[in-house]
Structure formats: structure tokens, C-alpha cells
Amino acid sequence: MWWCDSPSNPRGPAFSLFWYKLSDKHTYKLSDKTNMATATIKAPAATQPAAPKYPEQVTGMYILARALKNIGIDTMYGLVGIPVTEFAYIAQEQNIRFVGFRHEQQAGMAAATHGFLTKKPGVLLTVSSLGFMNGLTATVNATVNCYPMIQISGSSERAPIDLDQGAYEGLDQLSVAKGLVKAAYRVNRPEDIPLAVARAYRAAVSGRPGGVYLDVTTPCLGAVMNRADAEKLLFTPVDPEPKHIPSPESVDRAVKLLASAKKPVILLGKGAAYAQVDEKIRKLVESTGIPFLQMSMAKGLMPDKHPLSAMSCRSTVMSQADVVMLVGARLNWLLSRGHGKWNPDGRFIQLDIEPEEIDCNRPIAAPVIGDMDSSLSAILSGLESVKLSMDPAWIKALQDETKVKNARFMARMTGNANASPMNHWCALNVIKPILEANPDVILVNEGANTLDDTRDAVDMTLPRHRVDCATWAIMGMGMGSVVGAAVATGKSVVAVEGDSAFGFSGMDFSTVCRFNLPCTVVIFNNGGIYNGVGVNMSGNGDPAPTTLDVNARYDKLGEAFGAKTYYVTTPDELKSALTEAIASKKPALIDVQLAADSGKESGHIGYLNPASLQNVIV
């Protein structure tokens with residue numbers, strides 16, 4: 001403390017200064033000894049800490065990109081905006097390829113397809129609120145179809161959301177997602193990001209694969225940490241997809257039941273295709289000589305033209321098989337839930353990794369719970385010591401029926417070869433031999449009649465070379481799956497699309513063009529949903545509910561984005577266009593003009609419609 005008098009002080013000599021120096025961070029007080037009035041004088045401002053600066057400090061966005069890279073993610077699909085734009089740039093800087101879309105749903109379909117084809121989670125990045133909702137459609141679809149996928153969405157600050165105070169895009173995204181996906185997590189702190197990413201990865205690929213939602217708040221994305229501290233948090237999860245070994249008892253039970261069967265069949269689902277155990281499946285079929293059926297996305301696990309294929313006599317197999325071995329397939333609506341034409345006395349063996357799938361629609365006599373690789377290995381080993389009881393006449397009868405039905409099917413194809421205007425079978429008569437001559441081209445297929453007829457017409461030779469709308473039979477996966485298949489594999493892709501199906505995702509043909517992918521999109525234009533000849537029952541002049549535009553020129557859309565385009569009206573034009581487009585390995589779009597009355601309502605599943613009693617013309 002210092003004391004002094006100042007004779008020049010205007011208050012007079014009685015005014016004394018008392019300086020109390022507490023520290024350089026405190027103030028000094030002036031005290032009037034007469035009336036004790038005081039004043040405060042601020043000390044010089046203390047030195048402020050330096051502002052955070054990269055690379056010494058990093059944000060949550062950087063940590064998220066590093067965490068993804070650290071677990072092996074090299075590709076991300078999405079659409080940017082607040083609050084994830086800068087994150088996408090930072091991910092690119094970390095050599096994570098960012099494939100930007102026009103719509104989040106298609107980006108999600110690409111991520112899901114990527115997951116199916118690679119067994120590594122496809123990653124989708126979206127903005128908050130409706131962007132999140134658009135992407136969630138694909139993540140839910142991935143969950144239903146058992147594709148590994150991670151959706152990462154930025155979300156608004158928690159406090160105003162939780163108090164419903166009208167935050168920017170203030171949706172409680174985690175609560176929306178939780179009941180629809182395999183797992184969902186929220187990250188509020190940057191130091192939790194590596195753990196959250198590892199948990200999301202593990203949830204997506206372990207057990208039955210599925211979609212996972214990761215909610216990353218805006219404050220978390222923008223939070224700052226010392227880089228050295230952040231790097232210490234990164235780690236690689238150990239054994240994220242552990243083996244699930246089936247019990248010896250379950251394997252023995254399944255082997256004995258299969259060996260006892262007189263009319264067995266092996267039914268292969270897309271879970272078998274996803275597992276990438278192709279050689280073991282081939283050995284199972286060929287070492288036992290048991291006929292097989294393949295679900296749509298399992299086509300190619302065994303060549304469709306294999307002598308043991310019973311694809312053409314599915315109804316006979318269902319009604320007569322006494323033992324059915326389900327390999328990565330579920331008894332859902334695609335298999336009449338095990339009822340309908342199925343032999344009521346037939347018994348089922350089911351290989352699945354999910355215990356809750358057993359006894360879902362029919363009692364399962366021999367469940368084998370385990371990962372596909374382990375289960376098939378155990379069953380193949382068990383079959384070495386047993387003798388099968390299969391009736392030799394079973395195979396002969398199925399092969400004879402197959403010859404008759406295949407000849408009938410080809411007669412339908414060739415009988416429509418010169419239809420004018422073209423119909424579905426006329427166009428497929430051209431497409432079938434071209435695709436079969438290019439077996440390594442991945443086929444993406446959606447629509448109603450376009451889906452059903454293409455699936456029946458085009459024989460597949462290689463596994464995981466057919467991608468379609470799968471379990472939920474939804475339309476709107478086309479362009480996303482085209483991009484995802486091309487990016488994930490580097491292979492050429494041909495999409496055969498109905499005009500209605502293409503309308504769901506057509507703008508993302510621009511993504512094919514921007515990334516210069518080797519993809520050809522073939523659009524069957526019959527002018528409508530199912531066809532273009534529906535009748536408006538009111539007669540008020542509006543189009544019917546199923547009517548689109550049979551004169552639409554989809555090739556012009558391709559021109560807008562710089563693709564090679566074709567408008568074809570004859571089989572010869574289609575043959576030339578498709579051959580040239582595949583060979584080019586460049587983006588191409590072929591608009592195939594069909595007759596407006598080509599196709600029937602709901603394709604092959606019209607039986608699912610309720611009866612209207614009225615004369616509805618669709």
C-alpha cells in the first residue's frame with residue numbers, strides 16, 4: 001500500500017490517495033478520507049489467450065473425419081448444408097471420397113447398396129430436420145434388408161430443442177430414429193466422437209447387419225480441442241464382427257433332417273449373397289445334388305442356368321418339398337410367409353444369425369444360429385459322414401419341368417420380338433442376351449412390370465451382380481443404387497427402370513454424370529404407373545391416378561447433364577444403343593418407347609390388392 005497527498009487535487013489537501021495494489025489483475029481504489037467517496041480505475045487489460053488455431057487445435061468436425069478414416073471408411077454419400085458443409089470438406093481432406101447427391105434419399109440408397117456389396121457400412125451424411133428425414137427412409141430400408149449402413153446427421157443445439165423453443169430445424173432426431181433403425185446414438189461432446197463412431201460401426205456390421213443413426217449436435221461439431229489430446233482418443237475397434245459359432249447339437253439336427261429328406265430343396269436368400277461365402281454354397285449344392293431356388297438378390301450365387309436350378313418350377317417345389325433348407329432367407333411375404341402353396345407337412349432348416357427370426361411364420365424344425373460362414377462350414381463337415389435319402393426321381397422331375405417351362409418362356413419372348421410399338425417382352429428380348437454376354441456388369445432393376453419381367457428374363461451368373469428393391473419392394477432406389485454399386489465396386493452398371501420408378505430418383509442421374517461413372521440407365525416408358533391407359537372414373541378430364549406421359553422424352557434429361565443419350569423405338573435401335581453404351585463405360589441414358597398398354601396393374605403381385613367390386617380400369 002502506498003499513501004500520498006496531492007496539493008493540486010481539486011478537492012483540496014484533505015483529499016488523500018490510497019493506492020491498494022492487490023495484483024496486476026485487480027483494480028486500484030481512490031479513497032477520500034473526508035467523505036470516503038471512492039472511484040475505481042481499471043488496471044491495464046490482461047493478455048488474452050491466443051485464439052484457437054489449426055493444426056494445434058481441431059474441431060469436432062476434424063475428429064469425426066479422423067474417426068471415420070481410422071475405422072476404414074473411405075467413401076461417404078450425402079448432401080451438405082448447415083451444419084455439416086465444412087465437415088464434408090474436412091472429410092475430403094482426409095481422403096474420404098464424398099459423393100454428393102441432389103436428394104438425401106438417393107444418397108442413402110447408395111450407402112445401403114455400398115454396404116450390401118462390400119460388407120463395410122455405407123456412410124450417409126445429411127443436414128438436420130427434413131434432410132435427416134429424407135435420409136432416414138434409406139436407413140430404415142437398409143435395416144429391414146440387413147445392409148450395414150451409418151447415417152450421420154448434424155442436429156441443432158439441444159437446449160432449445162428440449163424446451164421446444166423453436167430452434168433452427170429443431171427436430172428431436174434421435175427420438176424419431178430410435179424405433180426405426182438397428183441402433184441410434186447422439187454425440188454432444190467432441191471427446192466422445194471416436195467411441196460413438198466405433199459403436200456405430202460395430203452395431204452396423206455385427207450380428208444381423210442394419211442401419212445405424214449417429215446424431216452429432218452443432219455445438220459438438222464446432223467444439224475445439226487440442227489436436228494432441230484428440231489424437232489420443234482415436235482407436236480401431238477390435239473384432240467388430242465376431243464369429244457366431246452354431247452349437248454342435250443344432251448342426252447335427254439339421255444334417256440329420258436334410259439327410260432324411262426325399263424331396264429336399266435349398267433356398268438361397270440375399271443374406272447368403274451378402275455373406276460372401278460363395279464357394280461353400282456351391283459346395284453345399286453340388287456335393288449334395290440338392291436342387292436350389294434363389295431369391296431375387298441371391299441370383300448368381302449359383303448360375304441361374306445350373307442343372308440343379310429349380311427356378312422355373314417354384315410352385316412345384318413349394319408344394320412338394322418335404323425339407324426346405326433356408327440359407328440367409330426369411331419366410332416373409334416374398335415366400336408367402338411359409339403358407340399358401342407350401343407343403344403343410346414340409347419341415348424347415350433355417351440358417352440365420354438372428355434367433356428371433358426362428359419360428360416367425362412356421363415352426364422351424366432345425367434352426368442353426370450362427371454366422372453364415374461358420375454355419376455352412378459346420379454343416380458341410382457334418383454331411384461328410386451321412387448318406388442322403390433324396391429320391392432320384394425328384395431331380396429328374398424338376399429338370400423335365402424346367403425344360404418345358406423355359407421353352408414356354410422363350411416362346412413368349414420371341415413371340416414378342418417384333419412387337420410394334422415395343423412392349424416389355426420385346427425390349428427384354430434384346431436386353432437379355434446383351435447383359436448375359438456381359439456377366440460382370442451389375443444389374444440394378446426396379447419398377448412393377450419392369451422389375452418382375454426383367455428378373456424373370458435375365459439369367460445371372462455371378463453373385464452380387466443384381467440389386468433391386470428387395471424386401472420391402474419399394475420404388476425409388478434406382479439412381480442411388482446405380483451410384484453406390486459403381487462407386488463401391490468400380491464396375492459397369494446397367495439399370496433397367498420403369499418410367500414411374502425412374503421418376504422417384506431421376507434428378508440424381510446428374511450424380512452419375514458429375515462423377516463420370518460407367519453407368520447406363522435404360523428407361524421403359526409406357527406412360528404410367530403400371531401402364532399409361534388408366535381411366536379417370538369421374539370423366540372430368542384429369543389424368544387417371546396411374547397415368548404419366550407416354551410421350552415424355554427422358555433422353556432430354558440425360559442431355560441436360562452431358563450424358564450420351566438415345567431415344568429408341570425399335571428392337572434394332574435398342575440393341576445398337578445398349579451395346580454401344582456398355583462398351584463406352586461412360587454415363588448413358590436410353591429412353592425406350594413402349595406401348596402405353598404394355599404392362600398390367602401391380603405387375604406379378606396384383607393379388608395383394610383388395611378387391612374393389614367396381615370396374616376400375618388400370
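## The open sheet

In this predicted model, 6 strands form an open sheet with parallel pairing. Their order across the sheet is β7-β6-β8-β9-β11-β10. The edges are taken by β7 (97–100) and β10 (183–187). Each of these two has a single partner strand, so one side of each is left without a neighbour in the sheet. From one strand to the next, the twist averages 20°.

## Strands β9 and β11

Strand β9 covers residues 149–155 and strand β11 covers residues 211–217. The two run parallel and are joined by 7 bridges. In this pair, I150 stands opposite V212 in β11.

## A helix across the sheet

Helix α18 (residues 478–489) lies across two strands, β6 (75–78) and β7. The helix runs at about 165° to β6. Of the strands it lies across, β7 is one that stands at an edge of the sheet.

## Helices α16 and α17

Helix α16 is made of residues 424–436, and helix α17 of residues 449–457. Their axes come within 10 Å and cross at roughly 45°. The crossing of α16 past α17 is right-handed.

Which residues meet where α16 and α17 are in contact? From α16 come H424, W425, L428, K432 and E436. In α17 they meet N449, T450, D453, T454 and A457. By type, the residues of this contact divide into 3 nonpolar, 4 polar and 3 charged.

Conventions:
Residues are numbered from 1 along each chain as its sequence is written. This is a predicted model: local features need pLDDT of at least 70, side-chain atom pairs count only at pLDDT 80 or more; totals for chains, interfaces and linings use all residues. Side-chain values use heavy atoms; hydrogens and water are left out. Axes are lines fitted to C-alpha atoms, for helices over the stretch in contact, and angles run from 0 to 180 degrees between N-to-C directions. Helices (H or I, at least four residues) and strands (E, at least two) are DSSP runs, numbered from the N terminus. A crossing is left-handed if the near helix is turned anticlockwise from the far one by less than a right angle, and right-handed if clockwise. Contact means heavy atoms within 4.5 Å. Ala, Val, Leu, Ile, Met, Phe, Trp, Tyr, Cys and Pro count as nonpolar, Asp, Glu, Lys and Arg as charged, and the others, Gly among them, as polar. Two strands pair if DSSP finds at least two bridges between them.
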